[in-house]
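This briefing is meant for someone opening the structure for the first time. Please keep the sequence and the 3D view side by side while reading.

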Amino acid sequence: MEFGINRMRHELERNPISVIKVFTEALLGDDPLIEGSGIVVRPQRICSYLANILKSIAQDAYPIEKDGVVLDGGDAIPPLEAIGCLRHDSYRVQMFLRGVRDAIREKLENNGGEKVRVLYAGCGPFATLALPLTTQFESSEVEFTLLDIHPESVTCIKKLIEELRLEEYFFGIYCCDAITYRHQGEKPNIVMTETMNSALLDEPQFPITLNLLKQTDHEGILIPENIKVFTFIQDDRGCLKVLGEVFQVNRQIGMEINRALKGAGLLLEGKMPIFTEVVIPNGVSGSIFLGTEICTFGKNSFSSIGNWRSSSLTDPIHLVDVDMNVQERTMYLNYVIGGKNEDIKWTDF
Ligand SMILES: C[S@@+](CC[C@H](N)C(=O)[O-])C[C@H]1O[C@@H](n2cnc3c(N)ncnc32)[C@H](O)[C@@H]1O
């Protein structure tokens, strides 16, 4: 799609959703956006345009500066920071939008075209992972239920939906804690959340995921489909090697944890301690990191290795430096999902 600022401005006043559609298709990789000079517009710039458009449509419902909310399972970041996830992390946005689109398509195929119900926890002020996709489906094909803990986010997304006349795509919009939310009505076919930081630290992705899984049926799709935390070493020549897996969250593991917690009558406080062995290879010098691999759905994956620094969600977390004089040895990693980076303990008994 050829992109000219003046034409776009005119179109924005006349029909903003058509501009959002062009940007969404460029982010989905279906139709790159080409500037007048023939240059392909970079995804980061598209996300920035999109954020500016949504801000101008939200007008006085655009959130102002406020603090986050501290929860048992990790912190809910403030609304403006949630908007920052659109402005500054385009790779994340692309991978999630593609994953959600593909999951909706798969459900439509398997349901014989019946409307797909999506429960989206932690939507932020713009519902970044849902609103753009309304340009890709009919309202008879998909409906979203949105949750966020910040009233300012809920006010903003309601205003956007009203201004853009997208009401038919949204079943409900609730201000609530997604860790304890109980869904009313028919079970969603897809549950999704991006309330995470790298290595599942800081934010409540894990307890929200466990709760979302309770709201869907045995065929429900979870997005992200899989999150893996692992250790890896970067040697002095820059070569990367995975040392071992630390933890994974997906539908099956989440359901098993839910069953185990229920069976044991345990109360989950949202955080989970992880204690694991890591074997440090002999004769290597370099740095050891915690890495994250996220598969949103199907082939849409990104990781701390392979695509170095592609997204803040996969930023490697430095653990320790080792030098080549050290013999092969086992060390122990102790950290808490939903906990803080500075609480990670790395010991060598
Ligand atoms: C990382 S932002 C993502 C925002 C948006 N989904 C996006 O992808 O750009 C996480 C959002 O989740 C919300 N959130 C965090 N914990 C929550 C909870 N326990 N219940 C409901 N919302 C929560 C935050 O308020 C924030 O808007």
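Predicted model: local features only at pLDDT ≥ 70, side-chain atom pairs only at ≥ 80, totals over all residues.

Sorted by class, the residues of the shell around the ligand comprise 15 nonpolar, six polar and three charged ones.

**Around the ligand**
- The ligand is surrounded by 24 residues, and the closest of these are A76, G122, G124, T128 and A178.

**The chain as a whole**
- The protein chain contains eight helices and 17 strands.
- Because its radius of gyration of 21 Å is close to the 20 Å that the globule rule gives for 349 residues, the protein chain is as compact as a globular protein of that length.
- Taken along the principal axes, the box filled by the C-alpha atoms of the protein chain is roughly 70 × 55 × 45 Å.
- Of the 349 residues in the protein chain, 40% are buried.

**The parallel sheet**
- An open sheet of five strands has the order β7-β6-β5-β8-β9, and its pairing is parallel.
- The edges of this sheet are held by β7 (170–175) and β9, each of which has a single partner strand, so one side of each is left without a neighbour in the sheet.
- From one strand to the next, the twist in this sheet averages 15°.
- On one side, β8 pairs with strand β5 (residues 116–121) in the parallel sense over four bridges; within this pairing, L119 has V191 of β8 as its bridge partner, while A121 stands opposite T193 in β8.
- β8 also pairs in the parallel sense with strand β9 (residues 221–223), here over three bridges, and V191 has L222 of β9 as its bridge partner.
- Together with helix α7 (residues 205–215), the strands β8 and β9 make a right-handed β-α-β unit.

**Side chains of strand β8**
- In a regular strand the side chains alternate between the two faces of the sheet.
- In strand β8 (residues 190–193), I190 and M192 point one way, whereas V191 and T193 point the other way, and all of them are buried.

**The antiparallel sheet**
- Another open sheet is formed by three strands in the order β12-β16-β17, with antiparallel pairing.
- Here β12 (272–280) and β17 (345–347) stand at the edges, and each has a single partner strand, so one side of each is left without a neighbour in the sheet.
- Neighbouring strands of this sheet are turned against each other by 20° on average, with direction ignored.
- Strand β16 (residues 329–337) and β17 run antiparallel and are joined by three bridges, and the bridge partner of L333 in β17 is W346.

- In the model, R7 is found in helix α1 (residues 5–14).
- Is R7 buried or exposed? R7 counts as exposed, because it has 12 C-beta neighbours inside 10 Å, and a residue with 12 or fewer falls in that class.
- R7 and L166 lie 159 residues apart in sequence, and their separation in space, C-alpha to C-alpha, is 24 Å.

Conventions
Residues numbered from 1 in each chain as written. Buried ≥ 20, exposed ≤ 12 C-beta atoms within 10 Å, placed from the backbone. Helix = DSSP H or I, 4+ residues; strand = E, 2+ residues; numbered from the N terminus. Pairing = 2+ DSSP bridges. Right-handed = clockwise from strand over helix to strand, strands pointing away. Axes fitted to C-alpha atoms, helices over the stretch in contact; angles between N-to-C directions. Near = placed C-beta within 6 Å. Nonpolar A, V, L, I, M, F, W, Y, C, P; charged D, E, K, R; others polar. Rg over C-alpha atoms; globule rule 2.2 N^0.38 Å.
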